[in-house]
Amino acid sequence: MLPNFEATLDFAKQLDKQDPLAEFKNLFHFPQHNNQPAIYFCGNSLGLQPKSVSAAIETELNTWKELAVGGYFNGPNPWLHYQEYLKPSLAKLVGAKEIEVSAMNALTVNLHLLMLSFYTPTKERFKIIMEAGAFPSDQYAVETLVKHFDLHPSDAIIEIAPLNGKKTLSTEQIIDAIDHAGNSLAMVLFGGINYYTGQFFDLKAITSAAHNVGAIAGFDLAHVTGNIPLSLHDWDVDFAAWCSYKYLNAGPGAVGGYYVHEKHAINANIPRLAGWWGNDEKERFKMEKGFIPKTNASGWNISTAQVFNMVGLKASLSIIDQANIHRLREKSIVLTAYLAFLLNQLDRISFEIITPDEKDERGAQLSLYFKERAKEIHNKLIDNGVIVDFREPGVIRVAPAPLYCSFEDVYKFYEILKNNF
């Protein structure tokens with residue numbers, strides 16, 4: 001039940017006093033504006049730096065300095081197993097078993113590797129469904145995947161676009177498209193949240209529909225992981241990948257994460273591009289020919305754990321574990337609803353919130369579509385110490401991450417819009 005919102009600073013401050021997660025804001029570094037912390041609503045692009053990261057990096061630098069190669073087997077966090085330290089937290093965030101998750105590479109690299117394992121086109125079954133206007137990296141990944149199999153993108157890729165001038169897709173429309181593709185459909189590859197509109201898709205329903213026609217269901221969860229709790233195992237999702245630099249606050253270019261359902265993860269016969277780090281540890285140091293994959297998601301690991309690219313994630317996951325993803329989601333629902341309430345009080349600026357109204361169809365992000373002056377308004381917000389981002393052709397994305405954003409931040413953002421436009 002949402003409170004009866006009021007468009008006053010006192011009301012926002014009262015909500016902050018009642019917020020059990022309010023103190024987590026103090027665990028992060030904020031960009032400064034006029035010697036004050038900026039209002040940071042850009043965690044959907046790059047999360048803030050946890051204050052604990054510097055010491056965490058220093059720990060591994062000291063291990064390298066003092067132990068050199070011995071750091072793989074000794075020191076506070078032996079590097080040989082570094083990706084294993086991330087699994088318990090990642091599994092909780094995406095609703096998976098620990099054997100179903102791991103970390104390596106970066107998001108699109110992992111999507112490529114997973115799609116190569118699970119996309120096995122035949123003459124009859126070769127099509128891939130994705131949302132029109134997906135993040136360009138996903139579009140390029142799917143385009144080049146089908147070309148890799150000598151297929152033409154216009155023949156193999158089905159893009160679902162909103163109907164009748166709408167900005168978002170309905171679950172019914174997606175399921176209808178899957179049903180219509182039927183036996184020709186090999187894979188569904190959707191973003192969990194559309195980066196532009198902020199719409200959260202019904203992953204359970206999409207997965208079920210894909211399986212009903214014999215297709216694989218995979219997802220890009222870049223905008224979901226750390227934002228909305230998931231149940232990937234129970235929903236029977238086949239595979240997923242995500243980055244860790246948005247809501248997981250692991251730093252620019254930080255290591256990507258991925259999930260492979262247990263039924264696939266334990267199957268050593270699933271084809272994959274392999275490397276030493278995915279090989280069964282019992283056989284690894286025999287240095288023999290013949291790849292024998294681990295019978296869990298780590299069987300897709302390829303190279304040595306990227307220790308310095310994982311440190312930020314390890315530090316941030318510790319904070320997220322303390323906050324608890326379900327408590328973060330509860331706060332986020334109220335925080336985003338308060339943002340929407342305040343925005344709807346503005347009558348001198350012409351814009352449309354294109355993110356769905358329903359809480360189950362959105363995360364922390366609201367996308368504001370301006371028919372005109374969008375870039376001017378974005379620049380003015382930046383000048384006033386509000387960090388949001390702009391996407392062509394006219395959307396300002398506003399994402400108050402509940403881990404470090406407050407109700408007062410949301411109110412001050414509204415006040416700046418109200419007083420400057």
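**Close-up views of a predicted model**

**View 1. V388 and the residues around it.** Leaving out residues up to four places away in sequence, V388 touches F41, C42, H378, L381, I382, I396, R397 and V398, where contact means heavy atoms within 4.5 Å. This is a predicted model, in which local features need pLDDT of at least 70 and side-chain atom pairs count only at pLDDT 80 or more, while totals for chains, interfaces and linings use all residues. Residues are numbered from 1 along each chain as its sequence is written, and side-chain values use heavy atoms, with hydrogens and water left out. You will find V388 in the loop between strand 15 (386-387) and strand 16 (389-391); helices (H or I, at least four residues) and strands (E, at least two) are DSSP runs, numbered from the N terminus. Is V388 buried or exposed? V388 is buried, because its relative accessible area is 4%; buried means under 20%, exposed over 50%, and partly exposed in between (1.4 Å probe, protein chains only).

**View 2. The largest pocket and S406.** The largest pocket holds about 430 Å³ of space. Of its 21 lining residues, K25, S406, E408, D409 and K412 are the closest to the centre. A pocket is, on a 1 Å grid over the protein atoms alone, an open set of points with protein on both sides within 12 Å along at least five of seven lines; a cavity is a set where a 1.4 Å probe fits but cannot get out, and lining residues have an atom within 4 Å of a point. Grid points are joined across faces, edges and corners, and a volume is the space filled by probe spheres set on the points. Helix 14 gives the largest share of the lining, four residues. S406 sits in the loop between strand 17 (395-398) and helix 14, and S406 is buried at 11% relative accessible area. Beyond residues up to four places away in sequence, S406 touches D16, K25 and L335.

**View 3. The salt bridge between D409 and K25.** The side chains of D409 and K25 meet in a salt bridge (2.6 Å, N to O). D409 lies in helix 14 and K25 in the loop between helix 1 (9-17) and strand 1 (28-29), so the pair ties together parts that are 384 residues apart in sequence. A salt bridge is a side-chain nitrogen of Lys or Arg within 4 Å of a carboxyl oxygen of Asp or Glu. D409 is buried, with a relative accessible area of 10%, whereas K25 is partly exposed at 25%.

View 4. E143 and K147 form a salt bridge, their closest N and O atoms being 2.9 Å apart. Both residues lie in helix 5 (residues 136-148), four residues apart, about one turn of the helix. E143 is partly exposed at 27% relative accessible area, and K147 is partly exposed at 44%.

**View 5. The largest cavity.** About 60 Å³ of space lies in the largest cavity. Its lining is made up of G226, Y247, N249, I320, L328, A401, P402, L403 and Y404.
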